[in-house]
Amino acid sequence: MVQHPPVLLDRKVTIARMVELLGEAAAGGARLATFPESFVPGYPEWIWRLAPGNDYELNSEIHQLLLENSVDLEAGHLKPVQEAARKQQMTVLVPVHERDPYSRGTLYNTILLVGPDGEVLNRHRKLVPTNPERMVWGMGDASGLRVVDTPSGRVGGLICWENYMPLARFSLYAQGIEIYLAPTWDAGSGWLASMRHIALEGRCWVVGNGTAMRGHDVPKSFPQRDRLFPDLEDWFNPGDSVIVDPRGKVVAGPLHEEHGIFYADCDPAEADAARRTLDVAGHYGRPDVFQLEVDRTARAPVVLK
């Protein structure tokens, strides 16, 4: 798990940093590597610091930079990461701001799972952006609400506060998830408790990947950095990345107010064995009482005739 900051609002340099970190993770023995929420080109922390009305001009200036540095999958922006995954024979979770290739004006908070062959195994867009995030991202659909087979086990995930959506979690449990990925901007004791709860509830490994950033990590070129991030020593996000086993035990982390990479041996067979006592989508479920229907129809672009 990688807990390093991006180069905020710089897609090319952030992707280069990601490739370098993948090499370091591979040298440490990792076969599945994860990064924090919206890593490319960085979480929009400024939305929690600016007023929608009074700061309209600055919001617009920053958003334009964000658009220009977001990821267009059709343009091949992620090819360096895909090539690195292939070279290192790793499965990689790549969280990005994804630019809508059709309208060009809408962004999505997206996680991409790239396999060791460099191909994208799954794409999931955050279903509900949280509070002011709705001024940055559109709502995703359930087409990527999937668990896929990888050399590391059956892998799926949700983004940040999606993990507080019980039905979204259950949709992954029902697909036999073994490695549950939770890239996030959240941190602290409440979030850590949620990661343990999900591990216990789903009887799966949980990888809660946070972002550790302080004022020094924001580039000097960021618009009005001195106003928005006046204390360069302040950890405005402590990170708190953590790995939890299928019985709720923390086996790595939390990594607090520190940049780094840490590792855990996550045997997917342990998730299967842990479901002997609790399988919420199997012997501990009541499909005669409760039913969940997931519409995985992808949101189609507007077609002009």
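What follows is a short exchange about aromatic rings, charges and strands in a predicted model.

Visitor: Why is the pair of Phe-229 and Phe-236 called tilted?

Guide: Two values decide, because a pair of aromatic rings is described by the distance of the centres and the angle of the planes. The centres of Phe-229 and Phe-236 are 5.0 Å apart, and rings pair within 6.5 Å. Their planes stand at 40°. Stacked needs under 30 degrees and edge-to-face over 60. So the pair of Phe-229 and Phe-236 is tilted. The whole structure holds 10 aromatic pairs.

Visitor: Which aromatic cluster do Phe-229 and Phe-236 belong to?

Guide: One cluster is formed by Tyr-43, Trp-46, Trp-137, Trp-185, Phe-222, Phe-229 and Phe-236. Both Phe-229 and Phe-236 are buried.

Visitor: What makes the charged end of Arg-49 sit "over" the ring of Phe-236?

Guide: Distance is one part of the test. The charged end of Arg-49 is 5.2 Å from the ring centre of Phe-236, and the limit is within 6 Å. Direction is the other part: within 35 degrees of the ring normal. Arg-49 counts as sitting over the ring. Arg-125 does likewise with Tyr-108, at 3.9 Å from the ring centre.

Visitor: Why do strands E2 and E5 count as edges?

Guide: The open sheet runs in the order E2-E3-E4-E5, with mixed pairing. E2 (32–34) and E5 (120–125) each have a single partner strand, so one side of each is left without a neighbour in the sheet. From one strand to the next, the twist averages 25°.

Visitor: How do you know that E3 and E4 pair?

Guide: Count the bridges. Pairing needs at least two. E3 (residues 91–99) and E4 (residues 107–114) are joined by eight, and they run antiparallel. Glu-98 stands opposite Tyr-108 in E4.

Visitor: What makes strand E9 largely enclosed?

Guide: Buried means under 20% relative accessible area. Five of the five residues of E9 (residues 205–209) are buried, so the rest of the structure largely encloses E9. Trp-205, Val-207 and Asn-209 cover one side, and Val-206 and Gly-208 lie on the other; all are buried.

Visitor: How many bridges join E9 to E8, and how many to E11?

Guide: Five bridges link E8 (residues 179–183) to E9, running parallel. Ile-179 has Trp-205 as its bridge partner in E9. Three bridges link E9 to E11 (residues 235–244), running antiparallel. There, Val-207 has Ile-243 as its bridge partner. E8, helix H5 (residues 189–202) and E9 also make a right-handed β-α-β unit.

Technical notes. Residues numbered from 1 in each chain as written. Predicted model: local features only at pLDDT ≥ 70, side-chain atom pairs only at ≥ 80, totals over all residues. Heavy atoms only, no water. Phe/Tyr/Trp six-rings, centres within 6.5 Å; stacked < 30°, edge-to-face > 60°. Buried < 20%, exposed > 50% of the residue type's maximum accessible area, 1.4 Å probe, protein only. Helix = DSSP H or I, 4+ residues; strand = E, 2+ residues; numbered from the N terminus. Axes fitted to C-alpha atoms, helices over the stretch in contact; angles between N-to-C directions. Right-handed = clockwise from strand over helix to strand, strands pointing away.
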